[in-house]
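Below are some notes on the model, as numbered points.

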Amino acid sequence: MNLQLALRALANERRLLILAWLRQPTRHFPVQVDGDLLTDGVCGLSIARKLRVSQPTASEHLKILTRAGLIRGKRIKQWTFYRRDEARIRKIKKLIVNGV
């Protein structure tokens, strides 16, 4: 796990918003045709719309969060759905708290 990558990912307001929304996806996103919000995650297009940015811009934020290990992507048909990686987030929090 690369703590430096995680900290860089967390240093952006839009990426923090994405993580906050993904914590309670049913509260922040509408029901999807494909993929369950809780088990599969939120479609990248829905995240782009909520952020009010283009899909490529949202994809870049999602790629950074994925590389940092904070979220996971899952392909369903032609779409990618994202959810938080809670185990990884707990490890990163522990590293920060312990001052590593």
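1. Two strands are taken to pair if DSSP finds at least two bridges between them. By that criterion β2 and β3 pair, in the antiparallel sense and over six bridges. Note that the model is a predicted one. Within this pairing, R72 has R83 in β3 as its bridge partner.

2. The connection between these two strands is a hairpin: two residues separate β2 from β3. K77 lies in the turn and has a positive phi, about 55°.

3. On its other pairing, β3 (residues 79-84) is joined to β1 by two bridges, again antiparallel. Here C43 is placed opposite F81 of β3.

4. Taken together, the three strands make an open sheet in the order β1-β3-β2, with antiparallel pairing. Its edge strands are β1 (42-43) and β2 (71-76), each of which pairs on one side only.

5. Which helix lies across the strands β1, β2 and β3? Helix α2 does, and α2 runs at about 85° to β3.

6. The axes of α2 (residues 13-23) and α4 (residues 44-51) come within 11 Å of each other and cross at roughly 120°. Angles of 65 to 115 degrees count as roughly perpendicular and those over 145 as roughly antiparallel; the two helices are therefore oblique to each other. The crossing of α2 past α4 is right-handed.

7. Which residues form the contact between the two helices? From α2 the contributors are R14, L17, I18, W21 and L22, and they meet I47, K50 and L51 of α4. Sorted by class, this contact of α2 with α4 holds six nonpolar residues, two charged ones and no polar ones.

8. A last point concerns S46, a residue of helix α4. Is S46 buried or exposed? The cut-off for buried is under 20% relative accessible area; S46 has a relative accessibility of 17% and therefore counts as buried. Leaving aside residues up to four places away in sequence, S46 touches F29 and Q32.

Notes:
Residues are numbered from 1 along each chain as its sequence is written. This is a predicted model: local features need pLDDT of at least 70, side-chain atom pairs count only at pLDDT 80 or more; totals for chains, interfaces and linings use all residues. Side-chain values use heavy atoms; hydrogens and water are left out. Axes are lines fitted to C-alpha atoms, for helices over the stretch in contact, and angles run from 0 to 180 degrees between N-to-C directions. Helices (H or I, at least four residues) and strands (E, at least two) are DSSP runs, numbered from the N terminus. Angles under 35 degrees count as roughly parallel, over 145 as roughly antiparallel, 65 to 115 as roughly perpendicular and the rest as oblique. A crossing is left-handed if the near helix is turned anticlockwise from the far one by less than a right angle, and right-handed if clockwise. Contact means heavy atoms within 4.5 Å. Ala, Val, Leu, Ile, Met, Phe, Trp, Tyr, Cys and Pro count as nonpolar, Asp, Glu, Lys and Arg as charged, and the others, Gly among them, as polar. Buried means under 20% relative accessible area, exposed over 50%, partly exposed in between (1.4 Å probe, protein chains only).
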